Amino acid sequence: MQGESSHAFGLAHHFDSFDQQREASYLGMWVFLVTEIMFFGGLFTAYVVYRSGQGAAFAIGSHELDIVLGSINTAVLIGSSLTMALAVWAAQTGRRKAIVAFILATILLGGLFLGIKVVEYSAKFEHHLVPGPNFHWQGPEAPGVEMFFNLYFLMTGLHAAHMVIGIGILLVVAILAWRGSFSPENHNLVEGIGLYWHFVDIVWIFLFPLLYLLGRNIQV
Amino acid sequence: MSDTVTTPPRRKHYLNVDYGIKSWLLTQDHKRIAILYLISITFFFIIGGVMAALIRVELATPLGDLVEADTYNRLFTAHGVLMVFLFLIPSIPAVLGNFLIPLMIGAKDLAFPKLNLGSWYVYNLGALLMVAALLRGGTDTGWTFYTPYSSTFADSEVILTALGAFVVGFSSIMTGLNFIVTIHRMRAPGLTWFRLPLFVWAHYGTSLIQVLGTPVVAIAILLVAAERLLHIGIFDPALGGDPVLFQHLFWFYSHPAVYIMILPSMGVISELIAAFSRKRIFGYKFVAFSSLAIAVLGFLVWGHHLFVSSQSIYAGLIFSVLSMLVAVPSAVKVFNWTATLYQGSISWQTPMIYALGFIGLFVIGGLTGTMLATLGIDMHVHDTYFVVAHFHYIMVGGAIMGYLGGLHFWWPKITGRMYSVFWSKIAAGLIFVGFNLTFFPQFLLGYMGMPRRYHAYPEEFQILNVLSSAGATILGLGYLLPLIYLFWSMRYGERAGDNPWGAYGLEWETSSPPPTLNFDEPPVVTTEAYDYLSLREKKLA
Ligand code: HEM
Ligand SMILES: [Cu+2]
């Protein structure tokens, strides 16, 4: 059924035109991103609720985060969004090699972000700041600080998981691009992963101030 | 496939284009995927039903003599989890919606056929986790997984069951996403939004809830699993955590989720009422928008589950008022259905019996819901059998009636065969009587103060409990019958023809069963939905 003679190459059997296929794929991606917002939204709600009860402990917690590495990572991620946007542009203008190059750059920057995250995580591990039986903190605010780190690891962990998935998909898309699967009228996959990548980026843009910056001005 | 000269040419349709297990397990045809779902959910309905039967046998006597308290907890948890997550939530959308939405809007398939198939596999993966949990002894938290019991104290398979619900949630999201995009982008030429069948509107509202709500319960459940798995304390008061936060996150989804279960059913009822009164639905636009109103308002009322969970009195008041507001769009639907019946030419076919049964039972479920939304009354009956009766009137009396009505209505389209009219009417009657006998006594029990989720009770409650258990037997029989005669009809039933009910709608214009790509000629729509008037004039001419 797939290769009906009247159908152009790359147009799925149940669509009538490339326009319809493209609009369906964009809308699908946007709806998916809405579900992602709700998904992260649950965690952000937990953060807001707990922070409103224990602001002081959360301020102490944020002092334990490495603001230099966090800032570098923010820059790295914004840079990766730029290369991603360039890859989409290359797809729109039908430059095969440029798509591959920009996607590889995006993957590289994403990998760098995750690498820096690993460095941060292992420092927390060494300082016994990973919640659970090995968590160790002296002082009256210990429970609140542990809660802060609960949320820190859950939120950045979930974010990092999204990055890993994104990088995996980018690899596939890069291979497809190399094989010449995309054309100016049919490159929905590139647009789709682009939207996803920007979304993951934006999540970090919220995570960074919430976790690293808020409360840092308070002397503890 | 090669054509042999000797056999007469057979009409190709979606069931006979291909045989073999692979052609089913790898199919991207929405109609076949609907059948796959039908098989899965029927299986879990039966298992969940067996659990219910055990519960009712236990409750036939005041003493806890059949099972121990702990086993009983695991039974009603399994019953609730299976029925809600594995049966009722996917029931109408994934089976009837999957099958019908592309047909009703004149499309060849859903927008994302692979995603559709994927959702079925994801569903089964989640189901597998839940079954594994059951085999390892089950879970005892109730289907609500309330913290801190679930996160800190429960000594049962919480993680597996919770992860199962998490995974199944994604199949629900996939279905909802697919429907939204399909309804937006795949409609036939001429099929404007206000020409859509109300079934499609109802599914649009349902999909919105699935997409907006399910991720929230997913994260809440994930947090419980993480708390148990990693020994961290997200809902642990010792760390300043708040167990009630879980209830908020849970009900933020799970209240809208009850509309995931009832809205599609309301969509079915609109189709049935129109078809069997031979009239356009009265106030079409009001019914269409009431689906959206329910979807939106449904997100603002979750606090009515927390009236006694340390929620502030002001929050309670607001949630109380908002909850009553949801009754308005629901009532709009009921009034408009009744107005449609007025002076219609009503025929008492089996699906119509279900539709009328739905209206009666849903009204009782809805009215008692409004009672429960009244703060003062809820203080008294919270966590009693009154609540159990209320939600069964909606979920079983409403949603399942709609599901069965729809299944009987579109069965000839799905299989090309007609079932036994006699037996199907008997079954519909048994289900209606059995249902009321099972659950009406529970209203009285709850009002008298019998709490839910206990395996034993004081002697004065026995008569009503015995009535309820007797009703459950009749109800079980009523559910068994369709299983038999529908199966039977697939082989021995009469050929139904393309439009056995003389109903209006694109799905009735194609052959039964439909061809793989649904229509031989791409349809073009020029009329309103339910244009029975012109259908009659055409016949007279
Ligand atoms: C075959 C007919 C059914 C019977 C006889 C039945 C019976 C029962 C009983 C006796 C309970 C109370 C357990 C307790 O708390 O002590 C219960 C709970 C429940 N039932 Fe059903 N049920 C039936 C069908 C369904 C269906 C189809 C659904 C699907 C939505 C459903 C959903 C639930 C839920 C969500 C609970 C609450 C579980 C809990 O929180 O304890 N039931 N059922
Ligand atoms: Cu509710």
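This is a predicted model: local features need pLDDT of at least 70, side-chain atom pairs count only at pLDDT 80 or more; totals for chains, interfaces and linings use all residues.
Chain B contains 16 helices and 2 strands. Its radius of gyration is 23 Å, close to the 24 Å that the globule rule gives for 541 residues, so chain B is as compact as a globular protein of that length. The C-alpha trace spans about 75 × 50 × 40 Å along its principal axes. Of the 541 residues in chain B, 60% are buried. The accessible surface of the chain amounts to about 21000 Å², and carbon and sulfur atoms account for 70% of that area. Contacts between residues at least 6 apart in sequence were also examined in chain B, and 83% of them join residues at least 24 apart.

The largest nonpolar core holds 230 residues, among which B:Leu96 and B:Trp410 touch the most other members. Helix α8 (residues 243-277) of chain B supplies the largest share of this core, with 22 residues. Another core, of 15 residues, lies apart from the largest one and includes B:Tyr385, B:Met450, B:Tyr457 and B:Leu464. When neighbours within four places in sequence are left aside, the contacts of B:Trp410 include B:Leu96, B:Leu100 and B:Met104. B:Phe199, B:Val268 and B:Glu271 are also in contact with B:Trp410, as are B:Glu507 and B:Trp508.

The iron atom of ligand 1 is coordinated by the NE2 atoms of B:His79 and B:His392, at 2.0 to 2.2 Å. These two histidines link distant parts of the chain: B:His79 belongs to helix α3 (residues 69-104) and B:His392 to helix α13 (residues 385-415), and they stand 313 residues apart. For comparison, the ideal angles for six octahedral donors are 90 or 180 degrees.

Several features of the backbone remain to be described. A cis peptide bond, with omega of about 0°, joins B:Thr147 and B:Pro148. B:Pro148 lies in the loop between α4 (113-135) and α5 (149-153) of chain B. The peptide bond from B:Ser512 to B:Pro513 is likewise cis, and its omega is near -15°. B:Pro513 is placed in the loop between β2 (494-495) and α16 (532-540) of chain B.

Positive phi values occur at residues other than glycine. For B:Ser310, which is not a glycine, phi is about 70°. B:Ser310 occupies the loop between α9 (284-297) and α10 (313-341) of chain B. Its relative accessibility is 64%, so B:Ser310 counts as exposed. B:Asp383 is also a residue other than glycine with a positive phi, here near 60°. The loop between α12 (375-381) and α13 of chain B contains B:Asp383. With a relative accessibility of 37%, B:Asp383 counts as partly exposed.

Notes. Residues are numbered from 1 along each chain as its sequence is written. Chains are lettered from A and ligands numbered from 1 in the order in which they are written. Side-chain values use heavy atoms; hydrogens and water are left out. Donors are N, O and S atoms within 2.8 Å of the metal (3.2 Å for Na, K and Ca); water is not among the atoms, so sites may look incomplete. Helices (H or I, at least four residues) and strands (E, at least two) are DSSP runs, numbered from the N terminus. A nonpolar core is a set of buried Ala, Val, Leu, Ile, Met, Phe, Trp, Tyr and Cys residues joined through side-chain atoms within 4.5 Å. Buried means under 20% relative accessible area, exposed over 50%, partly exposed in between (1.4 Å probe, protein chains only). Contact means heavy atoms within 4.5 Å. The radius of gyration is taken over C-alpha atoms; the globule rule is 2.2 Å times the number of residues to the power 0.38. Accessible areas come from the Shrake-Rupley method with a 1.4 Å probe; for residues, only the protein chains shown count as cover.
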